[in-house]
Amino acid sequence: MTVADTSVRHKPYRVFLVDDHAVFRSGVRAELGSETDIEVIGEAGTVEEAVLGINHTHPNVVLLDVHMPDGGGVAVLNRIDPGPVCLALSVSDAAEDVIAVIRAGARGYVTKTISGSELATGVRRVAGGDAVFSPRLAGFVLDSFTGKSPVPEPPLDPELDSLTPRELEVLRLLARGYTYREIAEELVISVKTVETHASNVLRKTQQSNRNALTRWAHRRRID
């Protein structure tokens, strides 16, 4: 008489990667590829690609970059179909970035210094309903809910509210008189990316040039 195999085999966690750096996506895919219960089913480097890919493949978990040239994590969160759980994975540990993506619906936020095994654990935990944060970032979310956060609630200003967190960073530096090259060095992005953000800011705020934009920002005390 043989003993029946009573072990339970779970379906793998289906993960979709969103990051504008192909090399980073490749590294994450390699790290998670060694996990027997995690399957990377797709990846994207832009908001449009991410929204189409996520809505088509229906992953369990989306690993989501916060800052991308065409809008970033918040834009993706605002446009994908209900279902996937999103875990932000970013180089930024700024309070405003953490709070922005959590308000938009992400289930957690970890920085890119996380190890492969820790990231795999994070995927499993958010898929199971837990909230996952890198240690110091959880305090930002708690402060936000208790009213102690240094990050204000989104302003009642449609034009300002339309800006992504990265565009707001660029706007602040523009208002302080930084050149595009100085902004690129400050934010560790390319000059071309800064130009793209600046163009988006001008369009969204309906300002015709940088001088007008600076006056617009100063009136709102953005500096």
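Predicted model: local features only at pLDDT ≥ 70, side-chain atom pairs only at ≥ 80, totals over all residues.

Let me begin with D65, which at 4% relative accessibility counts as buried, where buried means under 20% relative accessible area, exposed means over 50%, and partly exposed lies in between, with a 1.4 Å probe and protein chains only. Residues are numbered from 1 along each chain as its sequence is written, and side-chain values use heavy atoms, with hydrogens and water left out.

D65 is found in the loop between strand 3 (61-64) and helix 3; helices here are DSSP runs of H or I with at least four residues, strands are runs of E with at least two, and both are numbered from the N terminus. What does D65 touch, not counting residues up to four places away in sequence? The list is V18, D19, D20, G72, G73, L89, S90 and K112, with contact meaning heavy atoms within 4.5 Å.

Two of those names lead us on to R25, which has its place in helix 1 (residues 22-33). Is R25 buried or exposed? Its relative accessible area is 13%, and R25 is therefore buried.

Helix 3 (residues 73-79) holds V76, which is buried, with a relative accessible area of 0%. Setting aside neighbours within four places, V76 is in contact with V47, A50, V51, I54, L64 and M68. The C-alpha atoms of V76 and T46 are separated by 9.2 Å, although the two residues are 30 apart along the chain.

A127, by contrast, belongs to helix 5 (residues 116-127) and is partly exposed, at 31% relative accessible area. Beyond its neighbours within four places, A127 is in contact with Y13 and V61, and its C-alpha lies 9.5 Å from that of L87, 40 residues away in sequence.

Now to helix packing. The axes of helix 9 (residues 180-187) and helix 10 (residues 191-205) come within 8 Å and cross at roughly 105 degrees; axes are lines fitted to C-alpha atoms, for helices over the stretch in contact, and angles run from 0 to 180 degrees between N-to-C directions. Helix 9 and helix 10 are therefore roughly perpendicular to each other, a label for angles of 65 to 115 degrees, whereas under 35 counts as roughly parallel, over 145 as roughly antiparallel and the rest as oblique. On the side of helix 9 the contact involves Y180, R181, I183 and A184, which meet V191, V194, E195 and A198 in helix 10.

In the loop between helix 9 and helix 10 we find V188, whose phi is near 55 degrees, a positive value in a residue other than glycine. V188 is exposed, with a relative accessible area of 73%. Q206, in the loop between helix 10 and helix 11, likewise has a positive phi, of about 60 degrees, without being a glycine, and is exposed at 62% relative accessible area. For context, most residues other than glycine have a negative phi.

To finish with the whole chain, there are 11 helices and six strands, and of the 223 residues, 44% count as buried. Among contacts between residues at least 6 apart in sequence, 65% join residues at least 24 apart.
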